[in-house]
Amino acid sequence: MSVFEHFMPTHLHFGRGQTNQLGEICAPIGYKALLVTYSSPISELLQRTTDILHQSGIETAVFDRVPENPLTTTVEEGVAFLQNENCD
């Protein structure tokens, strides 16, 4: 077994109105956001999210091909999508 160290800091924003803060939160991180969702027509929340990010000058790419109980092949497809879209 390989020896490795993993560090993955997480900062969660939870609660009413937090979606409205997305532009301010994401702007220092990058210029193009990857949004990952399940297969369905665009939801109101996804549309609001993309609108808020666009208003803050952040482009978006939506990967909406995640089925229930996704397989590693879905992850691989998502990584290829991320790289093709040049997301931050």
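What share of the contacts in the chain with a separation of 6 or more comes from residues 24 or more positions apart?

1. In this predicted model, residues 24 or more positions apart account for 72% of the contacts in the chain that have a separation of 6 or more. That figure belongs to a chain whose secondary structure comprises three helices and two strands, and these elements follow one another from the N terminus in the order α-β-α-β-α.

2. As for overall dimensions, the C-alpha trace spans about 45 × 30 × 25 Å along its principal axes. The chain has 88 residues, of which 22% count as buried, and it exposes about 7,300 Å², with carbon and sulfur atoms supplying 56% of that area.

3. On the charged side chains, the chain carries 4 positive and 11 negative ones, and the centres of these two sets lie 8 Å apart.

4. Turning to the aromatic rings, the count comes to one aromatic pair. The rings of F63 and F81 have their centres 5.4 Å apart and their planes at 50°, so the pair is classed as tilted, given that planes under 30 degrees apart would count as stacked and those over 60 as edge-to-face. Because F63 lies in strand β2 (residues 59–66) and F81 in helix α3 (residues 72–85), the pair ties together parts that are 18 residues apart in sequence.

5. Are the two partners of this pair, F63 and F81, buried or exposed? Both F63 and F81 are buried, and they therefore each have a relative accessible area under 20%.

Definitions and conventions: Residues are numbered from 1 along each chain as its sequence is written. This is a predicted model: local features need pLDDT of at least 70, side-chain atom pairs count only at pLDDT 80 or more; totals for chains, interfaces and linings use all residues. Side-chain values use heavy atoms; hydrogens and water are left out. Helices (H or I, at least four residues) and strands (E, at least two) are DSSP runs, numbered from the N terminus. Buried means under 20% relative accessible area, exposed over 50%, partly exposed in between (1.4 Å probe, protein chains only). Contact means heavy atoms within 4.5 Å. Accessible areas come from the Shrake-Rupley method with a 1.4 Å probe; for residues, only the protein chains shown count as cover. Lys and Arg count as positive and Asp and Glu as negative; His and the chain ends are not counted. The place of a charge is taken as NZ of Lys, CZ of Arg, CG of Asp or CD of Glu. Rings of Phe, Tyr and Trp (its six-membered ring) pair if their centres lie within 6.5 Å; planes under 30 degrees apart count as stacked, over 60 as edge-to-face and the rest as tilted.
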